[in-house]
Amino acid sequence: QQYTLTIRAGVTEVQPDDDTATLAQRLVALVYAAKHAGRNRTAIDESSGSGIVQPEPMEIKQRIIKVE
């Protein structure tokens, strides 16, 4: 059986004045930015603004995942 997996992610650094709520708000905004940019995107929070990264396509020949 073959499955297709797509990933969208947000990446940021914890700032000195962050609390859990502000960090979570920033990450949620980044994930939505990655989602709106398309499949397999990562939104990166940079001090000069956010950027979107699209990885090179790669083929996974076999992946075994155990769930216990």
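In the predicted model, residues 24 or more positions apart account for 35% of the contacts in the protein chain with a separation of 6 or more. The secondary structure of the chain comes to one helix and three strands, and from the N terminus on these elements follow the order β-α-β-β. Of the 68 residues of the protein chain, 9% count as buried. The chain exposes about 6300 Å², and carbon and sulfur atoms supply 52% of that area.

Strand β1, formed by residues 8–11, pairs with strand β2 in the parallel sense, and the pairing extends over four bridges. Within this arrangement, G10 has A43 of β2 as its bridge partner. Together with helix α1, the two strands make a β-α-β unit, and the handedness of this unit is left-handed. Strand β2 covers residues 41–46, while helix α1 covers residues 20–37.

Charged side chains provide a further link between these elements. In general, side chains of opposite charge can pair when their charged atoms come close. The structure holds two salt bridges. In one of them, D18 is joined to R26, with the closest N and O atoms 2.5 Å apart. Both of these residues, D18 and R26, are buried. In the other, D45 is joined to R26, and here the closest N and O atoms are 3.1 Å apart. With a relative accessibility of 25%, D45 counts as partly exposed, because it falls between the limits of 20% and 50%. R26, by contrast, has a relative accessibility of 19% and therefore counts as buried, the limit being under 20%. Salt bridges that share partners join D18, R26 and D45 into one network.

When residues up to four places away in sequence are not counted, R26 touches T12, E13, V14, Q15, D18 and D45.

N40 lies in the loop between α1 and β2. Although N40 is not a glycine, its phi is positive, at about 55°. N40 has a relative accessible area of 31% and is therefore partly exposed. The next position in the numbering, R41, lies in strand β2. R41 is buried, because its relative accessible area is 17% and the limit for burial is under 20%. The side chain of R41 reaches the backbone oxygen of R39 at a distance of 2.5 Å.

Technical notes:
Residues are numbered from 1 along each chain as its sequence is written. This is a predicted model: local features need pLDDT of at least 70, side-chain atom pairs count only at pLDDT 80 or more; totals for chains, interfaces and linings use all residues. Side-chain values use heavy atoms; hydrogens and water are left out. Buried means under 20% relative accessible area, exposed over 50%, partly exposed in between (1.4 Å probe, protein chains only). A polar contact is a pair of N or O atoms within 3.5 Å; within protein, one must be able to donate a hydrogen and the other to accept it, and residues adjacent in sequence count only if both atoms are side-chain atoms. A salt bridge is a side-chain nitrogen of Lys or Arg within 4 Å of a carboxyl oxygen of Asp or Glu. Two strands pair if DSSP finds at least two bridges between them. A crossover is right-handed if, with the strands pointing away from the viewer, the path from the first strand over the helix to the second runs clockwise. Contact means heavy atoms within 4.5 Å. Accessible areas come from the Shrake-Rupley method with a 1.4 Å probe; for residues, only the protein chains shown count as cover.
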